[in-house]
Amino acid sequence: MNYTVVGGGAIGGTIAFHLARGGHRVRLVDADAAHVAAVRERGLVLRRAGGDERAEVDAATPEEVSGPLTKVLLCVKAQATATAAAWIAPRLAPGGYVVSVQNGLNEPLIAEHVGRERVIGAFVNLFADVVEPGVIRDGGPGAFVIGELDGSASPRVDHLVADLAPLGAKATGNVLGHLWSKLGFGAMLTATALADAPMADLIDRHRPLMHSLVAEVFAVAGRLGLRLEPFDAFEPAAYLPEAPERVREEATDRLTAWLRTQPKDRSGIWRDIAVRHRPVEVHDHYRAVLAEAEAGQVDTPLLRGVLARLADVEAGRAPMGEEHLAALEDA
């Protein structure tokens, strides 16, 4: 197999579809036996407004794969990273590598299992959902960048970018700057998962809260000396402390206008709680952020408050509702 995609959900399924359509041999590895069976029987389906499209993709559960694996795209939820990396490590071929195509900061954890030199970073902002076994609903295009962790150029990154060109992939020398920018944007999306309403509307109605959440994350990034990168309609420079309020408001105008053009109007975090009834991954995303904040004595009360309330909602201790956002603003 040219590519092994570990985790066939929204991100992994979308990538596997486009690689297969591009003529690459792809094996999709997923722990969901029903999902694997559906892909084997009917192909991998990408559902768009104009109808369904199918791609023939080899699919297997982890127990069915022995290796060796060469080009691995790791697309599991953040909380499954350690288990997946431990599974990959003994199967990874000499010269093989793992690309972390995930949300969060998972590269160091993967490196513990396979070695840092065999890990490539990636940032992806695809809007998609698994709507039934074997079917991914396409939520529109989004940014996709790939880069070596040390910022250097490399042939393997160039090859990945060429193969993933149908998804708009580009090379970067600053993958961490992209990942931390998304953690700022993601803080807003995490807050919107506390209520059952479109993301754009909630961000619009609770701008001071949303701006302060991004500022907390970026204060931690600033302590680390990171250069934050813009993507899609998100402009991180507008949310830095030195940015004028007018610039911040105009950036949020553009961001919410762009979000309203996306077919997917609620976050994957919201969907995990309200539809799929499973644990969300954002606690893993922000664990590293909070650890760095504590080490640098950076206050993050709003981010901690959002995560605490989200834990209550996903556990059923509190109902989903916009009053959570109002309470955070009052605090």
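**Two loop residues and a helix pair**

Hi everyone, let's start with Gln-262, which sits in the loop between helix 9 (245-259) and helix 10 (268-274); helices here are DSSP runs of H or I with at least four residues, numbered from the N terminus. This is a predicted model, where local features need pLDDT of at least 70 and side-chain atom pairs count only at pLDDT 80 or more, while totals for chains, interfaces and linings use all residues. Residues are numbered from 1 along each chain as its sequence is written, and side-chain values use heavy atoms, with hydrogens and water left out.

So, is Gln-262 buried or exposed? Gln-262 is buried, at 11% relative accessibility; buried means under 20% relative accessible area, with a 1.4 Å probe and protein chains only. Leaving aside residues up to four places away in sequence, Gln-262 touches Phe-127, Gly-139, Gly-140 and Pro-141, where contact means heavy atoms within 4.5 Å.

Now to Thr-300, found in the loop between helix 11 (282-295) and helix 12. Thr-300 is buried too, with a relative accessible area of 4%. Its contacts, again not counting residues up to four places away in sequence, are Glu-216, Val-220, Leu-290 and Ala-293.

Finally, my helix pair. Which residues meet between helix 12 and helix 13? From helix 12 we have Leu-302, Gly-305, Val-306, Arg-309 and Val-313, and they meet His-324, Ala-327 and Leu-328 of helix 13. These contact residues divide into five nonpolar, two polar and one charged; Ala, Val, Leu, Ile, Met, Phe, Trp, Tyr, Cys and Pro count as nonpolar, Asp, Glu, Lys and Arg as charged, and the others, Gly among them, as polar.

Methods
Buried means under 20% relative accessible area, exposed over 50%, partly exposed in between (1.4 Å probe, protein chains only).
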